[in-house]
Amino acid sequence: MSNFTYITTLPVLPDHYINEGMAANFQLKFRPCSYRVRSSFFHSKLATMLRNKFGTCWAEYISFKAGSYYDWHCDFSRKCALNWLINTSPRSIAMYRELVLTPPGTPTQTILFDMEEINYTLYHPVVLNTHHEHAVINPGPEDRILLSVTVENVEYYELLEWLSQNPMDTYD
Ligand SMILES: [Fe+2]
């Protein structure tokens, strides 16, 4: 099973969220260490419905600065994410990895991985399983920016199922 799913039951992200994210004043925050800022998507109909159904839900823009590398990790504050890519940069890539297993007893290093790119389409939603190791590389020259919605207590497959049962034409 894939660790990410392109969502076809939700619309393209409207301009006002894209503009908000592009103009946002990103702050370097910790836990996790990343450039982030709150999004008004918190007040959207979709976020409100998710909050009513699953509890705590928030929305933020995340910036992967030009010439940066976001190391391999699993998210500790959530099990999945609903993301829209709103700005990209040549050669930037978000990806998952899976260790290539060797036979028991083989002297080896954990050095060889299969990888799968999360091939976003700008402004289109993707749900990601964030309990599987992922990373972002952005050699630049532009900042790579996401809108990311977190539903704290929902599993990846649970969110996919709910979204498929609650198609929407508008977010607001
Ligand atoms: Fe992450």
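This is a predicted model: local features need pLDDT of at least 70, side-chain atom pairs count only at pLDDT 80 or more; totals for chains, interfaces and linings use all residues.
Residues are numbered from 1 along each chain as its sequence is written.

So, back to Arg-31. Where does Arg-31 lie? Arg-31 is in the loop between strand 2 and strand 3. Strands here are DSSP runs (E, at least two residues), as are helices (H or I, at least four), numbered from the N terminus. Arg-31 has a positive phi of about 55° although it is not a glycine, and its peptide bond to Pro-32 is cis, with omega near -5°. For background, most residues other than glycine have a negative phi, and most peptide bonds are trans.

There's another cis bond between Gly-140 and Pro-141, with omega about 10°. Pro-141 is in the loop between strand 10 and strand 11. And Tyr-123 has a positive phi too, near 75°; that residue is in the loop between strand 8 and strand 9.

Seven strands make an open sheet in the order 1-9-6-11-4-3-2, with antiparallel pairing; two strands pair if DSSP finds at least two bridges between them. Strand 1 (4–6) and strand 2 (27–29) are at the edges with a single partner strand each, so one side of each has no neighbour in the sheet. Inside this sheet, strand 6 (residues 80–87) and strand 9 (residues 125–129) pair over five bridges, and Leu-82 stands opposite Val-127 in strand 9.

Helix 3 (residues 156–165) lies across strands 1, 6, 9 and 11, at about 155° to strand 9. Contact means C-beta atoms, placed from the backbone, within 7 Å. Angles run from 0 to 180 degrees between N-to-C directions, using axes fitted to C-alpha atoms, for helices over the stretch in contact.

The other sheet I'll show is open too, with four strands in the order 5-10-7-8 and antiparallel pairing. Strand 5 (68–73) and strand 8 (113–117) are its edges, each pairing on one side only. Strand 7 and strand 8 share five bridges, and Leu-99 has Phe-113 in strand 8 as its bridge partner.

Conventions. Two residues are in contact if their C-beta atoms, placed from the backbone, lie within 7 Å.
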